[in-house]
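This briefing covers strands, domains, contacts and cores, grouped by topic. Keep the model open alongside the text.

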Amino acid sequence: MLLPDSRADRVVPPTGYTAHLTLFVSGAMAFLAVFALALSLASDRLAERWATELAGAATLRINAPADQMAAQTKAALDVLSQTPGVASARALTAEEQIALLSPWFGSDLPLDTLPVPQLIEIIEGEPGMDVAGLRLRLGAEAPGAVLDDHTRWRAPLIDAAMSLRRLGWISILLIGGATAAMITLAANASLAANAQIIEVLRLVGARDRFIAHAFVRRFTYRAFFGAVVGVLFGMIGVLLLPEASDEGGFLTGLGFRGLGWLLPALIPILGAAVAFLATWTAATRKLKELS
Amino acid sequence: MNNLGAPVIELENVSYTYGGDALLSDVSLHLQPGSFHFLTGPSGAGKTTLLKLCYGALLPTSGRLTACDQNVAELDRDQMALLRRRIGVVHQDCRFLDHLTLAENIALPLMVSGKGEKAQKEDMDELLNWVGLGARQDALPPELSGGERQRAALARAVILSPDVVLADEPTGNVDWDMSQRLLRLLVELNKMGKTVLIATHDLSLIRAAKSQVQARVLRISHRNVQLAGADL
């Protein structure tokens, strides 16, 4: 049905504002769809990263006077080494602590002159540790130790990322719906403008299927080519977005990764499918009205 | 002329009403295969309406209309399309697609019926020569004279070799010589076995035809069709 038939396609005049409208709408919608897709995929990656990187990890913070810091750190590490469910525990080096603080205070931070707490990274093993019991033991052995198992802020972050991903997919659905609506309007306008041509085609024995195909092919191809252009511009836009970086946090890195770069190639195909269905429905209805 | 067999088009007590006004009332008419008919009457008498009923552009309000052995009231749109391939129609205004060349316009019935391009080319060359438009096949309809348009419309009407040719005022926009040329083409078609029905108010055309073909002349009067007398 969609195979080009140059002679049959010529029965509908090639010009008209509906041609430009379809090209523009499908191009603009494909452009937006690229960004919505990028947002969805990036949110997905973000949620997964937060879920996997933060799950099974905890941080112990030792707030103690400088002269007690080393002793309390050692005591805390001893407690951790004897705690079931703790796979490993290590105190962060001064360089690692500077690296963590440098985004806020700069890289030339004089850590030794500041009352910065000592951080201990804890990796949980299976089946996991008893957080409440560990807190009690740490309170006895290292009074300045504060255990943070990340659950307090991990869940809302993952929820936020999942919401962003949902919004991205809803945007793609809305873009598809809006494209279908606009193409339906354009197809109806084109069918109405070509009512006399339809009458002549019927006069010479054309079936509705033949007439509908001439319009459907035209709108499907226009939507496809418009979407190809829109996707190309969208991809250029995504390429120009800043690269993911620690400094940029989660607002950067909204582009595609790996095989994700192939997904926008589906947009023109889906756009053409939407145009096909929209025009076919509009043509079938309009031809029934015109009979 | 072959007058055997079931009528190609048969109207039994057909009436057609539009907006509360009866345009045709209780019309009965049989067009036998291979017959030649003129349909005459004053403007507005209902000649075009009757032709439209014959090719299914209008459906009877009451009565039964059979075309090519099919009750048109019972046909769906696809079946109606197939029926129209068996009924060639020539309109006074020709109804061409102005963005297509003459050859493409004439080939439209072949195209919509899915005939191959090679078959189209063979049929086209023969037909264009028959109507004397071989040299004009690449012209666009607005570039054609009235006579050329009418001959092209006739070519389009017969390219699928229909059973019946209906012509609505085919000589309305052409001079006497061209009207005679068109008449000869229609008579030739009749001699090939086609049923021909020409709606016209041009009585001189009917008189001229009498020497070439055995034609029945029907007159629409008072919303009904009667066989015309010898006073034509």
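Predicted model: local features only at pLDDT ≥ 70, side-chain atom pairs only at ≥ 80, totals over all residues.

Residues are numbered from 1 along each chain as its sequence is written, and chains are lettered from A and ligands numbered from 1 in the order in which they are written. Helices (H or I, at least four residues) and strands (E, at least two) are DSSP runs, numbered from the N terminus. Two strands count as paired if DSSP finds at least two bridges between them.

**The six-stranded sheet of chain B**

- An open sheet in chain B has 6 strands in the order β6-β7-β8-β3-β9-β10, and its pairing is mixed.
- β6 (87-90) and β10 (224-227) of chain B are the edge strands; each has a single partner strand, so one side of each is left without a neighbour in the sheet.
- On average, neighbouring strands of this sheet are turned by 20° against each other, direction ignored; the axes are lines fitted to C-alpha atoms, for helices over the stretch in contact, and angles in general run from 0 to 180 degrees between N-to-C directions.
- The pairing of β6(B) with β7 (residues 164-168) of chain B is parallel and has 4 bridges.
- Gly88(B) has Val165(B) as its bridge partner in β7(B).

**The four-stranded sheet of chain B**

- Another open sheet has 4 strands in the order β2-β1-β4-β5 (chain B), with antiparallel pairing.
- Its edges are β2 (21-31) and β5 (70-71) of chain B, each with a single partner strand, so one side of each is left without a neighbour in the sheet.
- β1(B) and β2(B) run antiparallel and are joined by 7 bridges; the bridge partner of Glu10(B) in β2(B) is His30(B).
- The hairpin of β1(B) and β2(B) has 2 residues between the strands, and Gly19(B) takes a positive phi near 60° there.
- β1(B) is also joined to β4(B), antiparallel, by 5 bridges, and Ser15(B) stands opposite Ser62(B) in β4(B).
- β4 (residues 62-67) of chain B pairs with β5(B) in the antiparallel sense over 2 bridges; Ala67(B) has Gln70(B) as its bridge partner in β5(B).
- Helix α1 (residues 47-54) of chain B lies across β1 (9-18), β2 and β4 of chain B, at about 120° to β1(B).

**Domains of chain B**

- The domain assignment gives domain 1 (9-86 + 162-227) and domain 2 (94-146) in chain B; such bounds come from an automatic or database domain assignment.
- The centres of domain 1 and domain 2 of chain B, taken over C-alpha atoms, are 24 Å apart.
- Each domain of chain B gives 4 residues to the contact between them; two residues are in contact if their C-beta atoms, placed from the backbone, lie within 7 Å.
- On the domain 1 side of chain B, the residues touching domain 2 are 2 nonpolar, 1 polar and 1 charged. Ala, Val, Leu, Ile, Met, Phe, Trp, Tyr, Cys and Pro count as nonpolar, Asp, Glu, Lys and Arg as charged, and the others, Gly among them, as polar.

**Contact between chains A and B**

- Chain B puts 18 residues into the contact and chain A 17 residues.
- α2 (77-84) and α3 (102-112) of chain B each supply at least two residues of the chain B side.
- By class, that side of chain B has 9 nonpolar, 2 polar and 7 charged residues.

**Nonpolar cores**

- A nonpolar core is a set of buried Ala, Val, Leu, Ile, Met, Phe, Trp, Tyr and Cys residues joined through C-beta atoms within 7 Å.
- A residue is buried if 20 or more other C-beta atoms lie within 10 Å of its own, exposed if 12 or fewer, and partly exposed in between, with C-beta atoms placed from the backbone.
- The largest nonpolar core has 120 residues, of which Ile183(A) and Leu166(B) touch the most other members.
- Helix α2 (residues 17-54) of chain A gives the most to this core, with 12 residues.
- Leaving aside neighbours within four places in sequence, Leu166(B) is in contact with Leu51(B), Cys54(B), Tyr55(B), Ile87(B), Val89(B) and Leu197(B).
- A second, separate core of 12 residues includes Ala58(A), Ala76(A), Leu80(A) and Ile122(A).

**Two valines of chain A**

- Val86(A) lies in strand β2 (residues 86-91) of chain A and is partly exposed, with 18 other C-beta atoms within 10 Å.
- Not counting residues up to four places away in sequence, Val86(A) touches Leu80(A), Ile122(A), Glu124(A), Gly125(A) and Met129(A).
- Val146(A) lies in strand β4 (residues 145-148) of chain A and is partly exposed, with 14 other C-beta atoms within 10 Å.
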